[in-house]
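Student: I have a model open and want to learn how to read it. Can we go feature by feature?

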Amino acid sequence: MSMEIALRDRIIVALDVEHPDLAKEMVKKCESRTGFFKVGLQLFMAGWFDTVDWLVDRGHKVMLDLKFFDIPETVRLAVEQVNRRGVTFATVHGNDPIIRAAVEARGDMQLLAVTVLTSFGEEDMRAMGMTATIEELVYYRAKRALELGCDGVVSSGLEARRLRDDLGDRLLIVTPGIRPGANVRDGSDDQTRIVTAGMAIRGGASHVVVGRPITRAEDPAAVLAMMQEDIVAGLSG
């Protein structure tokens, strides 16, 4: 991907907090550096659409990460509801009928198919009796989602290069599991497939989703600035 995506929009801050007031405080600390925020299941259940509406009214972009998975008609109706709120990205799991229903209802919103969660590793694949590698499974799901009309996928940075090389520039690749140092993990980290922001963008990711390294920092804006410098280096490297 080239620099047609503004640097300000490259990092999506994951507002994975327990209360809307905490989310709003974090947005105010970050919005000098980014205008893109993720609302996941925890925050959405705490405040329903109020936080989403507040972000949109404030002029920010929203990734609503609810990973819809249900019967196709239910998914279609849910996506219709989301599309009325000015959301930029929404996420969906699912088989072909579920994805088709979501695509039908998306309107102007961009739809992202979840491939394999970044907390999922090769050992988990083997435990489930799957013989494919994670990279193969991610590629298959991404290819199918693109064929069915999704705008992009959620994928770790480890698979981004193959997706970009084989599926082209029209695919959005949104990458979670971002850490300031790809080899630095602590015992509380539930992410398995992690990379830095610069590595993800250099590998072909369109956007990166970052939560705890920013939201738990003393100076979230400073961490954002550091990661943006890493992204610029990744784009030029």
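The dialogue below goes from confidence to folds, cores and charged pairs.

Student: What kind of model is this, and what rules apply to its features?

Tutor: This is a predicted model: local features need pLDDT of at least 70, side-chain atom pairs count only at pLDDT 80 or more, and totals for chains, interfaces and linings use all residues. Residues are numbered from 1 along each chain as its sequence is written, and side-chain values use heavy atoms, with hydrogens and water left out.

Student: What is the mean pLDDT of the protein chain?

Tutor: pLDDT is the predictor's confidence in each residue, from 0 to 100. Here the chain's mean is 88, and 86% of its residues reach 70 or more.

Student: Where does pLDDT stay under 50?

Tutor: Over residues 182-190. The model has 13 contacts beyond four places in sequence for that stretch; a contact means heavy atoms within 4.5 Å. Where pLDDT is low, the predicted coordinates should not be read in detail.

Student: How many helices and strands does the protein chain have?

Tutor: Both are DSSP runs, numbered from the N terminus: helices are H or I with at least four residues, strands are E with at least two. This chain has 12 helices and eight strands. Among its contacts between residues at least 6 apart in sequence, 65% join residues at least 24 apart.

Student: What share of the residues count as buried?

Tutor: Buried means under 20% relative accessible area, exposed means over 50%, and partly exposed is in between (1.4 Å probe, protein chains only). Of the 237 residues, 53% count as buried. The chain exposes about 11,000 Å², with carbon and sulfur atoms supplying 49% of that area. Such areas come from the Shrake-Rupley method with a 1.4 Å probe; for residues, only the protein chains shown count as cover.

Student: Which residues touch the most other members of the largest nonpolar core?

Tutor: A nonpolar core is a set of buried Ala, Val, Leu, Ile, Met, Phe, Trp, Tyr and Cys residues joined through side-chain atoms within 4.5 Å. The largest one here has 63 residues, and Ile-11, Leu-15, Leu-64, Leu-163, Val-208 and Ile-214 touch the most other members. Helix H8 gives this core its largest share, seven residues. Apart from this core lies another, of 10 residues, including Met-63, Phe-89, Leu-172 and Val-209.

Student: What does Val-208 touch?

Tutor: Leave out residues up to four places away in sequence. Val-208 then touches Arg-10, Ile-11, Ile-12, Thr-175, Ile-178, Ala-197, Ala-200, Ile-201 and Ile-231.

Student: What do the buried residues of H6 pack against?

Tutor: They pack against H5, strand E4 (89-92) and strand E5 (110-114). Helix H6 spans residues 96-105, and Ile-98, Ile-99, Ala-101, Ala-102, Val-103 and Ala-105 are buried in it. Look across to Val-75 in helix H5. Val-75 counts as buried because its relative accessibility is 1%. Val-75 touches Ile-98 and Ala-102, among others. Val-75 and Ala-102 are 27 residues apart in sequence but 6.1 Å apart in space, C-alpha to C-alpha. Just after H6, Gly-107 takes a positive phi of about 60°.

Student: How many salt bridges are there?

Tutor: A salt bridge is a side-chain nitrogen of Lys or Arg within 4 Å of a carboxyl oxygen of Asp or Glu. The count comes to 15. One of them joins Arg-76 to Glu-80, with the closest N and O atoms 2.7 Å apart. Both lie in helix H5 (residues 72-83), four residues apart, about one turn of the helix.

Student: Arg-76 first: buried or exposed?

Tutor: Arg-76 counts as buried, because its relative accessibility is 18%. Glu-80, at 26%, counts as partly exposed.

Student: Which salt bridge links distant parts of the chain?

Tutor: Glu-135 pairs with Arg-162, with the closest N and O atoms 3.6 Å apart. Glu-135 sits in helix H8 (residues 134-147) and Arg-162 in helix H9 (residues 157-167), 27 residues apart. Also, Asp-16, Lys-38, Asp-65 and Lys-67 are linked in a salt-bridge network.

Student: Where is Ser-156 found, and what does its side chain contact?

Tutor: Ser-156 is in the loop between strand E6 (152-154) and H9. Ser-156 is buried, with a relative accessible area of 0%. A polar contact is a pair of N or O atoms within 3.5 Å; within protein, one must be able to donate a hydrogen and the other to accept it, and residues adjacent in sequence count only if both atoms are side-chain atoms. The side chains of Ser-156 and Glu-159 make such a contact at 2.7 Å. A polar atom of the Ser-156 side chain also lies 3.1 Å from the backbone nitrogen of Leu-158.
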